[in-house]
Each structure stands twice: as C-alpha cells, then as structure tokens.
Amino acid sequence: NFNTDKNKALNEFMAYYKNNFKSLISQFFVGFLKTKRICKVCREGLYSFNLFPYIEFDLDRCQNANNLNLQNWFKIQNNFCLILNKDHHVACQNCKSITEHNEFKQFFCLPHNFIISFNRGEAFKNQVNVNFPPFLDLAGSIEKGDSFMNFNLVGIIRRLIDEKGSEYYISIYFDPFQKCWLLCDRNNLSKIQNPLNYNNGMVMMLFYSAAASIGF
C-alpha cells in the first residue's frame, strides 16, 4: 500500500511484517526496500515498503566503465529512476488524477546476512568480471540508521563449463569453526588462502554477513 506519509507507510508495513514473518529466516536474511513515487506534475510523494530475501543486480544496467564496483551498485540502484507513464494508472492524491510518476526503489534496511545474485541475461551472455570486496561499507546507501551497514564476505558461487560443455557450480565459503576458506568443487573439498585470488568461472552469487572482521 502507498501512502503520502512515509512514516505511516512504514508503520503499516512493520505491523504486517511482525504479524506474518516470525521465522529465523525472516529474522536474519530479510531486508526492507522502500519504493518512492514522485508525481511529475505536483511533485507529491507516495511511499511503500516491502521485503526482499536477496538482492539482484542486473549487470546490463550496472555495467559502466566507471562503475564496475559492487559498493557503487547500491548507490546506482538507489538513484535509478523508472518512469511510470499514464498506462501504469498511478493516481496522484494531490492532483486527483492519474499522472506520470518517477519511481525509485531504495534500500531501507539490510539484514544480518544477505545474498547478492547477479543477473547476467539470457544464456549468461553478460560475462563481465565482477569486482567485489572482502569488506563492504554501505553506510551511505542504507536509509535506516540502526540497520547493519558493514559486512564481511563469507561465500561465493561461481558458474563453470566442464570439458563436455556442461555447466556446473562451485562454492567458496568461510568456515567459522576452522577459521579458513574452503573450496567445494563437485566432490572435492579443499582449503584455499584467499577467495579473491580464485578466478575460475563467473561469479553468480555472493554472501555477506555483518560479523567481526575476517582475516585473509
């Protein structure tokens, strides 16, 4: 539901969320997204909130010679403007009619653990290399002041093609008990020193966690 009062929109969403989502998954893996619509006639704003289980970045949209940096992509998403024309039938409460709106989807709150998925297009045609840091500082991209904002890399999923031309996936993850990085390649499990130095295949998913600093 959209409301001209952002706080009312947030309170309505939080009441719905608390009444319907009480699992450990929703507690530790679900973030909140704010949608803001601005009437192009009177500049009146409409606000709505929703949840997301993971973050998807469209590489065709994010890819830019100056922006091949994961941390920048959060800012790009916050500033990306979608034009809603009259065919979208969005009514402005101030104009009392259907008008064109600018729509922004912005990160309001991140969970303790979050997943980033990369959309590489049909048949994975976008094979651009993704630059991702071991530590992610999102203080300038998250609106809610008490949200988690600093994160450590804890997992990577990569897509590879074998000698027969078939695709398969490998995982690289940090084991908090052994305090080391492990590579799971089909039936083989091995330790690696630095996950950033392992470049086989295309990065498809990243896993970050708001935890103490992890040494490489």
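Mentor: Buried means under 20% relative accessible area, exposed means over 50%, and partly exposed lies in between. Keep in mind that this is a predicted model.

Trainee: Then why is Lys144 called partly exposed?
Mentor: Lys144 has a relative accessible area of 28%. That value falls between 20% and 50%, so Lys144 is partly exposed.

Trainee: And what makes Asp146 exposed?
Mentor: Its relative accessible area is 60%. The cut-off is over 50%, so Asp146 counts as exposed.

Trainee: How do you know that Lys144 and Asp146 form a salt bridge?
Mentor: The rule asks for a side-chain nitrogen of Lys or Arg within 4 Å of a carboxyl oxygen of Asp or Glu. For Lys144 and Asp146 the N to O distance is 2.4 Å, so the pair qualifies. In general, side chains of opposite charge can pair when their charged atoms come close.

Trainee: What makes Arg159 and Glu167 a salt bridge, and is each residue buried or partly exposed?
Mentor: Their N to O distance is 2.6 Å, which is within 4 Å, so the pair counts as a salt bridge. Arg159 is buried at 15%, whereas Glu167 is partly exposed at 40%.

Trainee: Where in the chain do Arg186 and Asp162 sit?
Mentor: The side chains of Arg186 and Asp162 meet in a salt bridge at 3.0 Å, N to O. This pair links distant parts of the chain, 24 residues apart: Arg186 is in the loop between strand 12 and strand 13, and Asp162 is in the loop between strand 10 and strand 11. Arg186 is partly exposed at 46%, while Asp162 is buried at 15%.

Trainee: How many salt bridges does the rule give?
Mentor: The count comes to 7. There is also a network of salt bridges linking Lys6, Lys34 and Glu143.

Trainee: Why is Thr35 called buried?
Mentor: Thr35, in strand 1, has a relative accessible area of 7%. That is under 20%, so the label is buried. Among the residues that Thr35 touches are Phe2, Leu46 and Phe104.

Trainee: What makes the pairing of Thr35 with Lys105 a polar contact?
Mentor: The two side chains come to 3.1 Å.

Technical notes:
Residues are numbered from 1 along each chain as its sequence is written. This is a predicted model: local features need pLDDT of at least 70, side-chain atom pairs count only at pLDDT 80 or more; totals for chains, interfaces and linings use all residues. Side-chain values use heavy atoms; hydrogens and water are left out. Buried means under 20% relative accessible area, exposed over 50%, partly exposed in between (1.4 Å probe, protein chains only). Helices (H or I, at least four residues) and strands (E, at least two) are DSSP runs, numbered from the N terminus. A polar contact is a pair of N or O atoms within 3.5 Å; within protein, one must be able to donate a hydrogen and the other to accept it, and residues adjacent in sequence count only if both atoms are side-chain atoms. Contact means heavy atoms within 4.5 Å. Lists of a residue's contacts leave out its neighbours within four places in sequence.
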